[in-house]
Amino acid sequence: MRNILFLMMAGAIMTGCKSASSGAAYDLQNGDFVMAFGSCNKQDEENLLWDDVIAQNPSVWVWLGDNVYADTNDKREKRRAYEEQRYQEGYREVKKKMHVTGTWDDHDYGQNDAGANYPYKEDAQELFLDFMDVPRNHPRRMQEGVYHVEEYATPKGKVKLIILDTRYFRSPLTKNFGEGKKKYLPNRAPGSTMLGEEQWKWLETQLFKSDADFNIIVSSVQVLSNKHGFETWGNFPLESERLFKLIRDSKAKAVMFLSGDRHFSEFSRFNAEGMRYPLVDFTSSGLTHTWEDLQKEENPFRVGNFVTKKSFGVLRLNFAENKATMLMIGDNGEVLHELEQGY
């Protein structure tokens with residue numbers, strides 16, 4: 001009964017000035033539905049990008065994870081980190097002007113690279129949902145994990161935002177104790193998982209029953225780039241294959257990924273077997289700090305160059321042209337990289 005109730009009410013929270021469930025149409029900009037997103041945000045460092053986010057006039061801001069850095073088991077210290085972020089002037093303006101939603105990653109979960117074995121994850125979930133202004137009686141308070149779905153109706157079509165939790169259920173990573181620079185190795189052991197079976201069933205429902213024109217899947221870690229040896233869906237190849245098969249079999253329209261975590265930004269594109277359009281993973285990272293001295297990293301799916309300047313992502317979805325325009329935006333509104341994808 002709890003899961004049925006959750007599916008009925010998912011996305012029904014009020015955050016900022018917009019509701020994702022009321023049915024009221026979101027405004028379009030020159031025919032585009034606009035959302036902005038980002039990750040890797042240290043609450044004790046100045047974020048120079050909030051005014052640039054507001055200048056893009058998005059309908060939605062999506063946290064991709066590492067929304068604060070609270071690598072602690074102390075619930076009070078973690079709450080203090082969230083409250084420090086909550087009351088920053090720039091972020092307060094964002095919450096006033098747009099709907100705010102998102103997921104977490106390891107540093108707001110509580111421990112670097114942590115997964116299902118993290119012993120304080122229930123406390124972490126409570127504090128995350130507090131930060132996201134989820135009401136105390138909402139079904140998301142009764143489920144394990146922070147995954148949920150939101151739909152945005154517009155005068156021209158519908159956008160579905162499917163927000164995953166890649167922490168709460170994720171199996172242990174396989175450490176590399178041999179030669180090479182890779183931190184982790186692929187794990188093909190049966191039963192190893194990124195999402196856990198309950199979340200997988202939920203995701204299948206969201207895709208197979210979707211009538212949205214665009215289906216945006218939020219994953220805190222990268223989905224397509226799988227050679228770097230850090231955290232990625234590629235650490236669980238069977239799970240990646242299951243995800244691509246699910247998207248193909250569901251026939252959901254215009255599925256794309258948003259991801260963070262990496263401290264640099266990039267576009268990845270993959271032509272999955274049996275699909276009529278390519279899958280794009282837009283990695284946006286980070287907001288307050290980046291891997292500035294990164295020279296190279298293997299990614300067979302990268303489009304163009306990666307970007308190491310502080311930035312956030314913007315997604316402009318056009319229903320008339322069935323097209324997504326993806327922008328990496330830096331300080332003072334500088335466009336650092338751009339990709340256009342038709343569907």
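Q: Before we look at the sheets, what makes two strands pair?
A: Two strands pair if DSSP finds at least two bridges between them; helices (H or I, at least four residues) and strands (E, at least two) are DSSP runs, numbered from the N terminus.

Q: Which residue in strand 14 does Phe-267 stand opposite?
A: Phe-267 stands opposite Val-303. Strand 12 (residues 265-270) and strand 14 (residues 302-307) pair antiparallel over three bridges.

Q: How many bridges join strand 12 to strand 13?
A: Five bridges join strand 12 to strand 13 (residues 279-283), and the two run antiparallel. Phe-270 has Leu-279 of strand 13 as its bridge partner.

Q: What kind of model is this?
A: This is a predicted model, in which local features need pLDDT of at least 70, side-chain atom pairs count only at pLDDT 80 or more, and totals for chains, interfaces and linings use all residues. Residues are numbered from 1 along each chain as its sequence is written, and side-chain values use heavy atoms, with hydrogens and water left out.

Q: How many helices and strands does the protein have?
A: The secondary structure comes to eight helices and 17 strands.

Q: What share of the residues is buried?
A: Buried residues (under 20% relative accessible area, 1.4 Å probe, protein chains only) make up 59% of the 343 residues.

Q: And what are the spans along the principal axes?
A: The C-alpha trace spans about 55 × 50 × 50 Å.

Q: What share of contacts joins residues at least 24 apart?
A: Among contacts (heavy atoms within 4.5 Å) between residues at least 6 apart in sequence, the share is 73%.

Key
Buried means under 20% relative accessible area, exposed over 50%, partly exposed in between (1.4 Å probe, protein chains only).
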